[in-house]
Amino acid sequence: MHKTQEELAAIKTLKETLKEKLWHLEFLEKGGVIGQNCDLYTEKPDVFKEVVEYYKNDNVDFWKAQVNWSVGDSHPQRRENQKAFLEQVFYPYLDSGQYVCDLGAGNGEWSFAIADKVKYVDAFEYSDHMVETAAKKAKEQGISHVSFRQADAKMLEFDRQYDNFMMMGLLTYIFEKPDLEQVLGKVYEAMKPGARLVVKDSVNLIEEDEVFLYNYQRNYQAVYRSCESYLQMFEKAGFILEQAKMLEVIEVAGIKLGSLGVLAAKK
């Protein structure tokens, strides 16, 4: 029987919808959790890789597409807590003669926050667009002692040693343990003895060692490690843990997540 173009289009749409629902059922059968707004959670690395592969052609890289992203846009209280944590534990170690690195600098908000307290800030960011945004802000504000450069943290080689170091959210987006260990090792080597490293990342507060998130609408990916495994990786890299503070706790899809701030020192 002859079908109109409209009927054929509707059948095609229905077919795609059913295919997506069946795939989600398979994901649930493998122990995954489906949250709101297209969030998929799993504690299994192999299932997470399947999810990434399934959606790999749907969207552009989330972070590459960002122009002026800030945690304050979606979690204003978390941003205020991060700011307070920096002021309390990190600012006392800063002085006007220091070179500081901000790795994973985003739109530069934390680099700008410490700019008037140190001699120079080297800020590295994965997104070309956010590097352009931050550099433009620096020029507009007449700040010449902060430089913004595009870099992939996994590939970056530092050309100086720093008096202090910042990573405000980077490690949540490094998925493979060898990559994570390599980045932390390079950061450790790029710090002077006695230098402090301040970090903020999201961790999971349930029993799983790792929980992976994939949002298939935005192509947003994250890994939430347990507090124990998260802190252990700094100790393994040679750092001395000095302070750890939970900055915020939220629950999504039955999973508790925390925003954890940490101060560590190089021996």
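Which helix gives the largest share of the lining of the second largest pocket? Keep that in mind while we look around.

**Before you click**

This is a predicted model, where local features need pLDDT of at least 70 and side-chain atom pairs count only at pLDDT 80 or more, while totals for chains, interfaces and linings use all residues. Residues are numbered from 1 along each chain as its sequence is written, and side-chain values use heavy atoms, with hydrogens and water left out.

**Stop 1: the whole protein**

Show the entire chain as a cartoon. You'll find nine helices and 11 strands (DSSP runs numbered from the N terminus: H or I of at least four residues for helices, E of at least two for strands). The C-alpha trace spans about 80 × 45 × 35 Å along its principal axes. Of the 267 residues, 47% are buried (under 20% relative accessible area; exposed is over 50%, and partly exposed is in between, with a 1.4 Å probe and protein chains only).

**Stop 2: a buried alanine**

Now select Ala123, which sits in strand 4, residues 120-125. Ala123 counts as buried because its relative accessible area is 1%.

**Stop 3: a nonpolar patch**

Select Leu22, Leu25, Leu28 and Ile34, and you have a nonpolar patch on the surface with about 350 Å² of accessible area together. A patch takes residues with over 30% relative accessible area and no salt bridge, joining nonpolar side chains (Val, Leu, Ile, Met, Phe, Trp, Tyr) within 5 Å and like charges within 9 Å. The areas come from the Shrake-Rupley method with a 1.4 Å probe, and for residues only the protein chains shown count as cover. Helix 1, residues 5-29, gives the most to this patch, with three residues. Leu22 belongs to helix 1, and this leucine counts as exposed because its relative accessibility is 52%.

**Stop 4: salt bridges**

There are 17 salt bridges in total (a side-chain nitrogen of Lys or Arg within 4 Å of a carboxyl oxygen of Asp or Glu). Pick Lys49 and Glu176, whose closest N and O atoms are 3.8 Å apart. This pair links distant parts of the chain, with Lys49 in helix 2 (residues 45-54) and Glu176 in the loop between strand 6 (162-168) and helix 8, 127 residues apart. Glu176 is partly exposed, at 38%.

Next, select Arg79, Glu80 and Glu109, which are linked in a network of salt bridges. Between Glu80 and Arg79, the closest N and O atoms are 3.6 Å apart. Glu80 is partly exposed at 41% relative accessibility, and Arg79 is partly exposed too, at 22%.

Then jump to Asp116 and Lys117, a salt bridge at 3.2 Å, N to O. Is Asp116 buried or exposed? Asp116 is exposed, with a relative accessible area of 66%, whereas Lys117 is partly exposed at 29%.

**Stop 5: the second largest pocket**

Finally, select Lys177, Leu180, Glu181, Asp209, Glu210, Arg225, Ser229, Gln232, Met233 and Lys236, which line the second largest pocket. On a 1 Å grid over the protein atoms alone, a pocket is an open set of points where a 1.4 Å probe fits, with protein on both sides within 12 Å along at least five of seven lines; lining residues have an atom within 4 Å of a point. And your opening answer? Helix 9 gives the largest share of the lining, four residues.
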